[in-house]
Amino acid sequence: MPRILVVEDDEVTAREIVAELGMHGMTAEWVATGCAALERASGGDYDLITLDRMLPGMSGIDVITELRERRVDT
């Protein structure tokens, strides 16, 4: 089953994304901040990451940049 990390600071939007992915047989986990996304994505084995650009603490672009520097290729 595909494992997806949903990074979204709006709770309503995040819950809708997670529910929709679940209805299509995917496992989705949600975090609300860039820092939490970086921590989870660095240690997790995700097939896909959906990433909001404007996040509290660290932007989505900064998260991607840091993940690439850490050689996380999700």
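Two strands count as paired if DSSP finds at least two bridges between them. The views below apply this to a predicted model.

**View 1. Strand β1 pairs with strand β3.** β1 and β3, the latter made of residues 48-51, run in the parallel sense and are joined over four bridges. Within this pair, V7 lies opposite L51 of β3.

**View 2. Strand β1 also pairs with strand β2.** β2 covers residues 27-31, and its pairing with β1 is parallel over five bridges. Two of the facing positions can be picked out here: I4 stands opposite A28 of β2, and L5 stands opposite E29 of β2. Buried here means under 20% relative accessible area.

View 3. Helix α1 takes in residues 11-23, 13 residues in all. From its first C-alpha to its last, α1 reaches 18 Å, close to the 18 Å expected at 1.5 Å a residue. Just after α1 comes G25, which takes a positive phi of about 80 degrees.

**View 4. E11 in helix α1.** E11 belongs to helix α1. Its relative accessibility is 41%, so E11 counts as partly exposed; that class lies between the buried limit of 20% and the exposed limit of 50%. H24 is 13 residues from E11 along the chain, and the C-alpha atoms of E11 and H24 are separated by 20 Å.

**View 5. The largest nonpolar core.** Twelve residues make up this core: L5, V7, V31, A37, L38, A41, Y46, L55, M58, V63, L67 and V72. Which elements give two or more residues to the core? They are β1 (3-7), α2 (34-43) and α3 (60-69). The largest share comes from α2, with three residues. In soluble globular proteins, nonpolar side chains tend to be buried together.

**View 6. The surroundings of M58.** M58 is one of the residues of the largest nonpolar core. Leaving aside residues up to four places away in sequence, M58 touches G34, C35, L38, V63 and E66.

**View 7. The whole chain, for orientation.** The chain holds three helices and three strands, and from the N terminus on its elements follow the order β-α-β-α-β-α. Along the principal axes, the C-alpha trace spans about 35 × 25 × 15 Å. A compact globule of 74 residues would have a radius of gyration near 11 Å, and the 12 Å of the chain agrees with this. Of the 74 residues, 26% count as buried. Among contacts in the chain with a separation of 6 or more, 60% are accounted for by residues 24 or more positions apart.

Terms used. Residues numbered from 1 in each chain as written. Predicted model: local features only at pLDDT ≥ 70, side-chain atom pairs only at ≥ 80, totals over all residues. Heavy atoms only, no water. Expected span 1.5 Å × (residues − 1). Core = buried A, V, L, I, M, F, W, Y, C linked by side-chain atoms within 4.5 Å. Buried < 20%, exposed > 50% of the residue type's maximum accessible area, 1.4 Å probe, protein only. Contact = heavy atoms within 4.5 Å. Rg over C-alpha atoms; globule rule 2.2 N^0.38 Å.
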